[in-house]
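Hello,

Here is the structure I promised to pass on to you. My notes on what turned up in it follow below.

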Amino acid sequence: MTETKNPYAASGVDVEAGYEVVERIKKHVKRTERLGVLGALGGFGGMFDLSQLDVKEPVLVSGTDGVGTKLMLAIQYDKHDTIGQDCVAMCVNDIIAAGAEPLYFLDYIATGKNVPEKLEQVVAGVAEGCVQAGAALIGGETAEMPGMYGEDDYDLAGFAVGIAEKSQLIDGSKVKSGDVLFGLASSGIHSNGYSLVRRVFADVDGDALLPELNGRALKDVLLEPTRIYVQQVLPLVKAGLVNGIAHITGGGFIENVPRMFSDDLAAEIDEASIPVLPIFTALEKYGNIKHEEMFEIFNMGIGLVLAVSPENVDKIKELVDEEVYQIGRITEKTDQSVIIR
(Lines give C-alpha, C1' and ligand atoms only; values in the text may rest on other atoms or scores of the structure.)
Protein backbone atom coordinates (compact mmCIF):
# COMPACT_ATOMS: atom_id res chain seq x y z
CA MET A 1 0.00 0.00 0.00
CA THR A 2 1.40 3.42 -0.99
CA GLU A 3 2.02 5.74 1.95
CA THR A 4 -0.02 8.93 1.72
CA LYS A 5 1.99 12.12 2.06
CA ASN A 6 1.05 14.37 4.97
CA PRO A 7 -1.67 16.62 3.52
CA TYR A 8 -0.32 19.73 5.25
CA ALA A 9 3.16 19.07 3.86
CA ALA A 10 1.62 18.45 0.44
CA SER A 11 0.14 21.95 0.61
CA GLY A 12 3.61 23.42 1.14
CA VAL A 13 3.73 23.84 4.92
CA ASP A 14 6.63 22.11 6.70
CA VAL A 15 5.65 21.72 10.35
CA GLU A 16 8.94 20.04 11.25
CA ALA A 17 10.88 23.03 9.91
CA GLY A 18 8.78 25.22 12.18
CA TYR A 19 9.77 23.14 15.18
CA GLU A 20 13.41 23.43 14.14
CA VAL A 21 13.16 27.23 13.99
CA VAL A 22 11.89 27.33 17.58
CA GLU A 23 14.81 25.21 18.76
CA ARG A 24 17.31 27.29 16.84
CA ILE A 25 16.14 30.63 18.24
CA LYS A 26 16.04 29.65 21.92
CA LYS A 27 19.67 30.60 22.48
CA HIS A 28 19.09 34.00 20.91
CA VAL A 29 16.01 34.66 23.03
CA LYS A 30 18.01 33.69 26.13
CA ARG A 31 20.34 36.65 25.50
CA THR A 32 17.47 39.12 25.95
CA GLU A 33 16.21 38.06 29.39
CA ARG A 34 15.69 40.88 31.88
CA LEU A 35 13.95 41.63 35.18
CA GLY A 36 10.21 41.04 34.90
CA VAL A 37 10.18 38.20 32.37
CA LEU A 38 7.88 35.30 33.27
CA GLY A 39 7.40 31.97 31.55
CA ALA A 40 9.37 30.47 28.70
CA LEU A 41 9.38 30.65 24.94
CA GLY A 42 6.68 28.53 23.33
CA GLY A 43 3.66 29.45 25.44
CA PHE A 44 0.48 30.92 24.01
CA GLY A 45 1.34 34.37 25.35
CA GLY A 46 4.43 36.21 26.52
CA MET A 47 4.29 37.26 30.16
CA PHE A 48 5.90 40.17 31.99
CA ASP A 49 5.59 41.01 35.70
CA LEU A 50 5.30 44.78 36.15
CA SER A 51 5.34 44.43 39.94
CA GLN A 52 9.08 43.75 39.69
CA LEU A 53 9.68 47.32 38.54
CA ASP A 54 10.11 50.34 40.79
CA VAL A 55 7.58 52.65 39.11
CA LYS A 56 5.04 54.54 41.22
CA GLU A 57 2.68 55.76 38.50
CA PRO A 58 3.34 53.42 35.59
CA VAL A 59 2.25 54.32 32.07
CA LEU A 60 2.65 51.70 29.34
CA VAL A 61 3.81 52.95 25.95
CA SER A 62 3.61 50.68 22.92
CA GLY A 63 4.94 50.80 19.38
CA THR A 64 4.67 48.59 16.32
CA ASP A 65 6.39 48.71 12.95
CA GLY A 66 8.09 46.77 10.20
CA VAL A 67 11.13 47.58 8.07
CA GLY A 68 9.42 48.35 4.77
CA THR A 69 10.98 47.46 1.46
CA LYS A 70 14.45 47.34 2.98
CA LEU A 71 13.48 43.69 3.37
CA MET A 72 13.63 43.32 -0.40
CA LEU A 73 17.32 44.23 -0.33
CA ALA A 74 18.02 41.74 2.46
CA ILE A 75 16.38 39.08 0.29
CA GLN A 76 18.12 40.26 -2.89
CA TYR A 77 21.57 40.27 -1.26
CA ASP A 78 20.82 37.14 0.82
CA LYS A 79 21.87 38.88 4.03
CA HIS A 80 19.43 38.36 6.90
CA ASP A 81 21.37 38.87 10.15
CA THR A 82 20.78 42.61 10.61
CA ILE A 83 17.23 43.22 9.38
CA GLY A 84 15.84 42.07 12.74
CA GLN A 85 17.69 44.90 14.50
CA ASP A 86 15.97 47.31 12.10
CA CYS A 87 12.59 46.01 13.20
CA VAL A 88 13.36 46.39 16.89
CA ALA A 89 14.84 49.85 16.36
CA MET A 90 11.80 51.20 14.57
CA CYS A 91 9.65 50.24 17.55
CA VAL A 92 11.86 51.06 20.53
CA ASN A 93 13.06 54.41 19.15
CA ASP A 94 9.43 55.49 19.01
CA ILE A 95 8.98 54.35 22.60
CA ILE A 96 12.00 56.25 23.90
CA ALA A 97 10.68 59.33 22.08
CA ALA A 98 7.78 59.23 24.54
CA GLY A 99 10.18 58.96 27.46
CA ALA A 100 9.56 55.27 28.10
CA GLU A 101 11.97 52.40 28.81
CA PRO A 102 11.40 49.41 26.49
CA LEU A 103 10.42 46.28 28.43
CA TYR A 104 9.66 43.58 25.89
CA PHE A 105 9.32 42.84 22.21
CA LEU A 106 7.44 40.35 20.05
CA ASP A 107 8.12 39.63 16.39
CA TYR A 108 6.07 38.27 13.50
CA ILE A 109 7.69 36.60 10.51
CA ALA A 110 5.66 35.41 7.53
CA THR A 111 7.37 33.46 4.75
CA GLY A 112 6.63 31.43 1.67
CA LYS A 113 8.99 28.62 2.67
CA ASN A 114 10.33 27.99 6.15
CA VAL A 115 14.12 27.79 5.91
CA PRO A 116 15.30 27.37 9.53
CA GLU A 117 18.85 28.61 8.92
CA LYS A 118 17.62 31.84 7.33
CA LEU A 119 14.92 32.54 9.92
CA GLU A 120 17.43 31.93 12.69
CA GLN A 121 19.55 34.73 11.22
CA VAL A 122 16.54 37.03 11.20
CA VAL A 123 15.70 36.29 14.84
CA ALA A 124 19.35 36.62 15.84
CA GLY A 125 19.16 40.18 14.54
CA VAL A 126 15.96 40.75 16.50
CA ALA A 127 17.69 39.47 19.65
CA GLU A 128 20.67 41.75 19.07
CA GLY A 129 18.31 44.72 18.78
CA CYS A 130 16.57 43.69 21.99
CA VAL A 131 19.89 43.44 23.83
CA GLN A 132 20.84 46.94 22.66
CA ALA A 133 17.44 48.26 23.77
CA GLY A 134 17.38 46.41 27.10
CA ALA A 135 14.13 44.73 26.05
CA ALA A 136 13.24 41.06 26.44
CA LEU A 137 12.14 39.03 23.43
CA ILE A 138 9.24 37.22 25.10
CA GLY A 139 7.39 35.77 22.14
CA GLY A 140 6.61 35.89 18.46
CA GLU A 141 5.09 34.05 15.56
CA THR A 142 6.43 32.41 12.42
CA ALA A 143 3.89 31.73 9.70
CA GLU A 144 4.63 29.66 6.61
CA MET A 145 2.26 30.89 3.91
CA PRO A 146 2.92 29.35 0.48
CA GLY A 147 0.90 31.08 -2.19
CA MET A 148 0.87 34.32 -0.23
CA TYR A 149 4.67 34.73 -0.47
CA GLY A 150 7.28 33.39 -2.86
CA GLU A 151 9.65 30.73 -1.53
CA ASP A 152 12.47 33.22 -0.97
CA ASP A 153 10.25 35.97 0.40
CA TYR A 154 9.41 36.89 3.98
CA ASP A 155 7.92 39.79 5.88
CA LEU A 156 8.89 41.01 9.33
CA ALA A 157 7.03 43.15 11.83
CA GLY A 158 7.32 43.77 15.54
CA PHE A 159 5.57 45.09 18.61
CA ALA A 160 7.20 46.61 21.69
CA VAL A 161 5.96 47.76 25.08
CA GLY A 162 7.74 50.19 27.35
CA ILE A 163 7.06 51.83 30.70
CA ALA A 164 7.40 55.38 31.98
CA GLU A 165 6.80 57.18 35.22
CA LYS A 166 3.79 59.35 34.48
CA SER A 167 5.63 62.49 35.55
CA GLN A 168 8.46 61.74 33.10
CA LEU A 169 6.34 61.24 29.99
CA ILE A 170 7.49 63.29 27.01
CA ASP A 171 4.43 64.55 25.15
CA GLY A 172 5.52 67.89 23.72
CA SER A 173 4.02 70.00 26.48
CA LYS A 174 7.42 70.91 27.94
CA VAL A 175 8.98 72.19 24.71
CA LYS A 176 9.16 76.01 24.53
CA SER A 177 10.60 78.75 22.39
CA GLY A 178 14.32 79.11 23.03
CA ASP A 179 14.95 75.39 23.57
CA VAL A 180 18.12 74.08 21.94
CA LEU A 181 17.93 71.23 19.44
CA PHE A 182 20.50 68.45 19.64
CA GLY A 183 20.90 65.69 17.07
CA LEU A 184 22.20 62.17 17.61
CA ALA A 185 23.89 60.66 14.56
CA SER A 186 22.15 58.02 12.48
CA SER A 187 23.91 54.90 11.23
CA GLY A 188 22.65 55.41 7.68
CA ILE A 189 19.32 55.46 5.89
CA HIS A 190 17.75 53.48 8.76
CA SER A 191 14.45 51.87 7.65
CA ASN A 192 12.46 54.31 5.57
CA GLY A 193 12.54 55.63 2.03
CA TYR A 194 13.67 52.33 0.53
CA SER A 195 11.14 52.32 -2.29
CA LEU A 196 12.96 55.40 -3.56
CA VAL A 197 16.39 54.03 -2.62
CA ARG A 198 15.78 50.83 -4.58
CA ARG A 199 14.63 52.80 -7.62
CA VAL A 200 17.70 55.04 -7.52
CA PHE A 201 20.13 52.10 -7.32
CA ALA A 202 18.08 49.60 -9.33
CA ASP A 203 20.78 49.23 -11.99
CA VAL A 204 23.79 49.37 -9.66
CA ASP A 205 25.47 46.14 -8.52
CA GLY A 206 25.37 45.63 -4.76
CA ASP A 207 29.15 45.10 -4.69
CA ALA A 208 29.76 48.41 -6.45
CA LEU A 209 32.20 50.77 -4.75
CA LEU A 210 30.69 54.15 -5.50
CA PRO A 211 33.20 56.99 -5.01
CA GLU A 212 30.83 58.77 -2.62
CA LEU A 213 30.75 55.80 -0.23
CA ASN A 214 34.40 55.89 0.81
CA GLY A 215 35.32 52.36 -0.19
CA ARG A 216 32.27 50.56 1.20
CA ALA A 217 30.18 48.25 -0.98
CA LEU A 218 26.75 49.66 -1.79
CA LYS A 219 24.91 46.66 -0.33
CA ASP A 220 26.70 47.01 3.01
CA VAL A 221 25.75 50.68 3.24
CA LEU A 222 22.13 50.03 2.26
CA LEU A 223 21.74 47.23 4.82
CA GLU A 224 23.45 49.07 7.68
CA PRO A 225 21.05 48.41 10.59
CA THR A 226 19.02 51.17 12.18
CA ARG A 227 20.65 52.63 15.25
CA ILE A 228 18.97 52.12 18.64
CA TYR A 229 19.08 55.17 20.94
CA VAL A 230 17.68 53.79 24.20
CA GLN A 231 20.89 53.45 26.20
CA GLN A 232 22.07 56.95 25.29
CA VAL A 233 18.78 58.78 25.82
CA LEU A 234 17.02 57.02 28.71
CA PRO A 235 19.39 58.40 31.41
CA LEU A 236 18.76 61.93 30.08
CA VAL A 237 15.02 61.40 30.28
CA LYS A 238 15.18 60.05 33.83
CA ALA A 239 17.33 63.00 34.85
CA GLY A 240 14.68 65.40 33.52
CA LEU A 241 17.03 66.98 30.98
CA VAL A 242 14.95 66.49 27.83
CA ASN A 243 11.80 68.41 26.91
CA GLY A 244 11.02 66.75 23.59
CA ILE A 245 12.24 63.95 21.33
CA ALA A 246 11.67 63.36 17.62
CA HIS A 247 12.51 60.05 15.93
CA ILE A 248 13.48 60.93 12.35
CA THR A 249 11.83 58.26 10.20
CA GLY A 250 9.57 58.46 7.14
CA GLY A 251 8.94 62.10 6.31
CA GLY A 252 12.41 63.17 7.43
CA PHE A 253 12.84 66.39 9.38
CA ILE A 254 9.83 68.13 7.89
CA GLU A 255 7.26 65.64 9.16
CA ASN A 256 8.83 64.30 12.33
CA VAL A 257 10.39 67.27 14.14
CA PRO A 258 7.02 69.08 14.57
CA ARG A 259 5.58 65.98 16.24
CA MET A 260 7.48 66.87 19.42
CA PHE A 261 6.05 70.35 20.00
CA SER A 262 2.77 72.28 19.93
CA ASP A 263 1.29 73.94 16.85
CA ASP A 264 2.35 77.45 17.90
CA LEU A 265 6.07 76.58 17.78
CA ALA A 266 8.58 75.93 15.01
CA ALA A 267 12.07 74.50 14.62
CA GLU A 268 14.96 76.30 12.97
CA ILE A 269 17.58 73.84 11.71
CA ASP A 270 21.14 74.86 10.80
CA GLU A 271 21.96 72.59 7.87
CA ALA A 272 25.70 73.20 8.21
CA SER A 273 25.65 71.59 11.67
CA ILE A 274 24.28 68.26 10.37
CA PRO A 275 26.89 65.55 9.67
CA VAL A 276 25.40 64.47 6.33
CA LEU A 277 26.40 60.87 5.61
CA PRO A 278 27.92 59.87 2.24
CA ILE A 279 24.93 57.71 1.29
CA PHE A 280 22.67 60.76 1.23
CA THR A 281 25.08 62.62 -1.03
CA ALA A 282 25.01 59.62 -3.36
CA LEU A 283 21.21 59.38 -3.27
CA GLU A 284 20.80 63.05 -4.10
CA LYS A 285 23.27 62.78 -6.97
CA TYR A 286 22.23 59.51 -8.60
CA GLY A 287 18.53 60.01 -7.93
CA ASN A 288 18.56 63.61 -9.17
CA ILE A 289 16.60 64.55 -6.03
CA LYS A 290 16.14 68.19 -5.12
CA HIS A 291 18.25 69.08 -2.10
CA GLU A 292 15.34 70.42 -0.04
CA GLU A 293 13.35 67.26 -0.77
CA MET A 294 16.05 65.13 0.84
CA PHE A 295 15.06 66.61 4.22
CA GLU A 296 11.44 65.65 3.54
CA ILE A 297 12.35 61.97 2.99
CA PHE A 298 15.52 60.97 4.85
CA ASN A 299 17.25 61.52 8.20
CA MET A 300 20.34 62.99 6.45
CA GLY A 301 22.62 61.74 9.24
CA ILE A 302 20.53 62.58 12.32
CA GLY A 303 18.34 59.79 13.67
CA LEU A 304 17.00 61.41 16.84
CA VAL A 305 16.45 65.06 17.77
CA LEU A 306 16.27 66.31 21.37
CA ALA A 307 14.77 69.60 22.54
CA VAL A 308 16.66 70.82 25.62
CA SER A 309 16.33 73.88 27.86
CA PRO A 310 19.33 76.22 27.43
CA GLU A 311 20.42 75.72 31.04
CA ASN A 312 20.77 71.98 30.43
CA VAL A 313 22.93 72.18 27.30
CA ASP A 314 26.24 71.61 29.07
CA LYS A 315 24.83 68.68 31.05
CA ILE A 316 23.68 67.00 27.86
CA LYS A 317 27.14 67.34 26.34
CA GLU A 318 28.70 65.86 29.48
CA LEU A 319 26.35 62.90 29.86
CA VAL A 320 26.10 61.65 26.28
CA ASP A 321 29.06 59.34 25.66
CA GLU A 322 29.48 60.41 22.05
CA GLU A 323 29.49 63.58 20.00
CA VAL A 324 26.11 65.28 19.89
CA TYR A 325 25.36 67.96 17.36
CA GLN A 326 23.73 71.26 18.24
CA ILE A 327 21.57 71.61 15.14
CA GLY A 328 19.12 74.41 15.87
CA ARG A 329 16.53 75.86 18.18
CA ILE A 330 12.81 76.14 18.89
CA THR A 331 11.13 79.44 17.94
CA GLU A 332 7.66 80.90 17.77
CA LYS A 333 5.87 79.72 14.64
CA THR A 334 5.41 82.03 11.68
CA ASP A 335 4.48 80.30 8.43
CA GLN A 336 6.44 77.02 8.64
CA SER A 337 6.89 74.38 11.30
CA VAL A 338 10.44 73.54 10.21
CA ILE A 339 12.86 76.03 8.67
CA ILE A 340 16.14 74.65 7.36
CA ARG A 341 18.75 77.34 6.81
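To begin with a definition: the expected span of a helix is 1.5 Å times one less than its number of residues. Please keep in mind that this is a predicted model.

With 18 residues at 1.5 Å a residue, α5 should span 26 Å, and its end C-alpha atoms are 25 Å apart, so the two values agree.

Four strands form an open sheet in the order β3-β6-β4-β5, and the pairing is mixed. Its edge strands, β3 (58–66) and β5 (136–144), each pair on one side only. From one strand to the next, the twist averages 15°. Strands β4 (residues 101–111) and β6 (residues 154–165) pair in the antiparallel sense over 10 bridges. Along this pair, A110 stands opposite D155 in β6.

One residue elsewhere may interest you too. E268 sits in strand β9, residues 265–269. Is E268 buried or exposed? Its relative accessible area is 17%, and buried means under 20%, so E268 counts as buried. The E268 side chain makes a polar contact with the side chain of R341, at 3.2 Å. Beyond its neighbours within four places in sequence, E268 is in contact with several residues, including L181, I327, T331 and I339.

Note on methods
Residues numbered from 1 in each chain as written. Predicted model: local features only at pLDDT ≥ 70, side-chain atom pairs only at ≥ 80, totals over all residues. Heavy atoms only, no water. Pairing = 2+ DSSP bridges. Helix = DSSP H or I, 4+ residues; strand = E, 2+ residues; numbered from the N terminus. Axes fitted to C-alpha atoms, helices over the stretch in contact; angles between N-to-C directions. Buried < 20%, exposed > 50% of the residue type's maximum accessible area, 1.4 Å probe, protein only. Polar contact = N/O pair within 3.5 Å; in protein donor to acceptor, adjacent residues only side chain to side chain. Contact = heavy atoms within 4.5 Å.
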